[in-house]
Amino acid sequence: MKKIACTMMAIATLLSCSTQKAETDKDDFNYSVERFADLEVLRYKVPGFEDLSLKQKELVYYLTEAALNGRDILFDQQGKLNLAIRRTLESVYQNYTGDKNDPEFKALEVYLKQVWFSNGIHHHYSTDKFTPGFSESFFTEAVKSVDPSTLPVKEGQSVDNLLSDIVPVIFNPELLKKRVNQTEGEDLILTSAGNYYDGVTQVEVENFYNKMKDPNDTMPISYGLNSRLVKKDGKIIEETYKIGGLYTQALEKIVYWLEKAATVAENDQQKAVIEKLIEYYKSGNLRQFDEYAILWVKDLNSDIDFVNGFTESYGDPLGMKASWESIVNFKNKEASERTHVISQNAQWFEDHSPVDKRFKKEEVKGVSAKVITAAILAGDCYPATPIGINLPNSNWIRHMHGSKSVTIENITEAYDMAAHGNGFAEEFVYDDATRELMDKYGFQADNLHTDLHECLGHGSGKLLPGVDPDALKAYGSTLEETRADLFALYYMADPKITELGLLPTPDAYKAEYYKYMMNGLMTQLTRIIPGNNIEESHMRNRQLIARWVYEKGLDDNVIEFVKRDGKTFVVINDYEKMRNLLGELLAEVQRIKSEGDLEAGRKLVENYGVKVDPALHKEILERYAKLNIAPYKGFVNPVYTPVYDKNGDITDVTVSYDEGYAEQMLRYSKDYSPLPTYNE
């Protein structure tokens, strides 16, 4: 399994308490677009875009087009029939001539919106398959009622053939029920519905890639990152994502726009980054991907930046194969001052970490961080998106060349503004004093937590010589996120933070401590179906930390559950002792990672991060339901429109924010859908 040193940190709760920033900065911009199922769609502003130079706007536009053309790749990666199902649903949604006010049609509309949001038929967060609210008979009749030419029917086949393929997948709850299965003791490949493998078992996958690895290689390749592993005629082969290979139709479009972007690059270094990415897309050579990652991490002078490619491995239960994603952004220079301070002091933080000296980096190299303004979200960053990014993922590149970290502040601001006054804090925060603390410092402390998590947490520590980066296997994602969160939480309470001016007072960190414990112990359970365990890596990470700290602090009553008026609340009695416990756990998790101690990592995750207290879960769900808040949120993108002169040259690029959710999704399916329905 690949090491997950990166990643994109899911927002800690998406149920943000109202903050002082929302109180003072609220404007007439309509952040909320629409709600359905358990989802709310928001929009975000792109402040500062108008101030970019014409060349920079043109660069953003080309990179945006490259980003949007990868959308179909993620749909196909997350399920081999996802494109067939999406395109069938879209045809019915647009062409059905029956009663569109019929409850069954309305339920189909909601289902399609869920499929759009999750880039497939499985929930974007829980990875459970959606349950349709319409009947099989209605769906069959509706599909047969539309013009067959608008349906994704295979050549030489009929609509009946299409229905025989997709109807069982949609309506049989036991078929392909989980996109990413993390249940201990099961074959994680055979029980996961993702389309990264076909016809192979977990043992066969692990053996296939273990044979490729050279334990003496100091620059190990991330084998399997950009391919599907399949068994054909009894032989296991890789189908590589590249031009001329799997997903070539989309990659050709992406490269077309990247080539245009290279012509307006801000500098030679950025141009080299883009050209190396193009070279990699053409060859599929993972050594060239490493070369691209090194060039990218060293490009610190460009204001415009982007991620485009097969990057994160959360969709693979073994954490090896990467989903396609993209984000285009530009630097928020004013807000980046705090991340500059953090990166400039990276060695101090490493030296003073509570972990064993053997696991610390003697010299921290190339740690850079900035606050960015997202211009476009795509692939596995859309509609649900991270609030922070730390790349590259490769341990050896991070060790030898460093990493780049970003906090996406226009996204965190949109979450915060949309959550203002939703009643969440009044329902779940124990007392007025804590609410006031969170109102005053919550937004600032949240962003600092993300900064520290991405910039220093993922970039800290080292593996001992000879330790396989994939040694923690299916637990690697959870433990890596745990390590980064612990690093951030531990240092937020350090006097160094206020000394550096990163928080205004020594007590400001308590806002984040309380929110984190409340979320990890209670409120994130709003995302779990009754009776289910926790499977998503970030949720496991948060509960692991909160439960471990709670249990280890019982003798000193560091943290307790308090009942009031029949409701359960979290109370932190000793913030200093809580910080000490966070340091102890950080030391152990870093040891586990540095030594590749799979058994210790397994026990930590299974004992603290997986099981749910059913009585508490029931209570939290009942209280939360009364608030009428969507537990998951995502975004529609702004629309960028180039302005041309009579010679066909771009003279400006405008940005607008008025596109609706269904309107955007249908436009993307029309204009950015180069893949065939079946990619076999």
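Helices (H or I, at least four residues) and strands (E, at least two) are DSSP runs, numbered from the N terminus. This is a predicted model, in which local features need pLDDT of at least 70 and side-chain atom pairs count only at pLDDT 80 or more, while totals for chains, interfaces and linings use all residues. Residues are numbered from 1 along each chain as its sequence is written, and side-chain values use heavy atoms, with hydrogens and water left out.

Q: Why are Glu 599 and Arg 602 said to be separated by about one helical turn?
A: Both lie in helix α23 (residues 598–608) and are 3 residues apart, so about one helical turn separates them. As background, an α-helix has 3.6 residues a turn, so residues three or four places apart point the same way.

Q: What makes the contact between Glu 599 and Arg 602 a salt bridge?
A: The term asks for a side-chain nitrogen of Lys or Arg within 4 Å of a carboxyl oxygen of Asp or Glu. The closest N and O atoms of Glu 599 and Arg 602 are 2.8 Å apart, so the pair qualifies under that cut-off.

Q: Why is Glu 599 called partly exposed?
A: Buried means under 20% relative accessible area, exposed over 50%, and partly exposed in between (1.4 Å probe, protein chains only). Glu 599 has 39% relative accessibility, so it counts as partly exposed. Arg 602, with 22%, is partly exposed too.

Q: How do you know whether Lys 567 and Glu 427 are buried or partly exposed?
A: Lys 567 has 30% relative accessibility, so it is partly exposed. Glu 427 has a relative accessible area of 13% and is therefore buried. The two form a salt bridge, with their closest N and O atoms 3.1 Å apart. Lys 567 lies in strand β12 and Glu 427 in helix α16 (residues 424–428), so this pair ties together parts that are 140 residues apart in sequence.

Q: What makes β11 and β12 a pair of strands?
A: Two strands pair if DSSP finds at least two bridges between them. Strand β11 (residues 559–564) and β12 have 6 bridges in the antiparallel sense, so they meet the rule. Ile 559 stands opposite Ile 572 in β12. The two strands form a hairpin with 2 residues between them, and Asp 565 in the turn has a positive phi of about 55 degrees.

Q: How do you know that the buried residues of α6 line one face of the helix?
A: In helix α6 (residues 136–145), the buried residues are Phe 138, Phe 139, Ala 142 and Val 143. Seen down the axis of α6, they fall within an arc of 125 degrees (taken from the directions from the helix axis to the C-beta atoms), so they line one face. These residues pack against α4 (82–95), α5 and α7 (159–171), where contact means heavy atoms within 4.5 Å.
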